[in-house]
Amino acid sequence: MTNDDPNEEAAGHHKVVIRENSQGERDLGYTTGSDPPTSRSPADYGWGTELKTPAFDDVRDAVDLEAHEPGTHVATIHYDLDAWEYTVEFLVETNRGPDSDVTSK
């Protein structure tokens, strides 16, 4: 869905949680309280593959999914489509040590 209002804020976020499928395998998902950015024009269409996918990969690489119960809010990813970047704010201990929050370049 696009929003043709150029004044619409190009920011949003995903609250990243641990999910477990019916086979007991864990992966990441996001809560219904998430507010992802709205595509304002065709220029924003790539945010899913160019921002969302690498951001979730950063969380997946840094967090031990087996160390947390399903439903645990492990990180919040903040997106900025104008700057075409994201910042990952970790809410649990990561394998990257202290100050492990990530900002894309």
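In the predicted model, the side chain of Arg 26 lies 3.5 Å from the backbone oxygen of Glu 66. A polar contact also joins the Arg 26 side chain to that of Glu 20, at 3.1 Å. Arg 26 belongs to strand E2. Its relative accessibility is 18%, and Arg 26 is therefore classed as buried, the limit being under 20%. Beyond the neighbours within four places in sequence, the residues in contact with Arg 26 are Ile 18, Arg 19, Glu 20, Leu 65, Glu 66, His 68, Glu 69 and Pro 70.

Two aromatic pairs were found in a search of the whole structure. Tyr 30 and Phe 56 make up an edge-to-face pair, with 6.4 Å from centre to centre and 65° between the planes. This pair connects distant parts of the chain, since Tyr 30 is in strand E2 (residues 26-30) and Phe 56 is in helix H1 (residues 47-62), 26 residues apart. Tyr 30 has a relative accessibility of 38% and so counts as partly exposed, whereas Phe 56, at 8%, is buried.

An edge-to-face arrangement is also seen for Trp 47 and Tyr 79, whose ring centres are 5.0 Å apart and whose planes are at 70°. Here too distant parts of the chain are linked: Trp 47 is located in helix H1 and Tyr 79 in strand E3 (residues 73-80), with a separation of 32 residues. Trp 47 is buried, with a relative accessibility of 11%. Tyr 79 is likewise buried, its relative accessible area being 2%.

Definitions and conventions: Residues numbered from 1 in each chain as written. Predicted model: local features only at pLDDT ≥ 70, side-chain atom pairs only at ≥ 80, totals over all residues. Heavy atoms only, no water. Phe/Tyr/Trp six-rings, centres within 6.5 Å; stacked < 30°, edge-to-face > 60°. Helix = DSSP H or I, 4+ residues; strand = E, 2+ residues; numbered from the N terminus. Buried < 20%, exposed > 50% of the residue type's maximum accessible area, 1.4 Å probe, protein only. Polar contact = N/O pair within 3.5 Å; in protein donor to acceptor, adjacent residues only side chain to side chain. Contact = heavy atoms within 4.5 Å.
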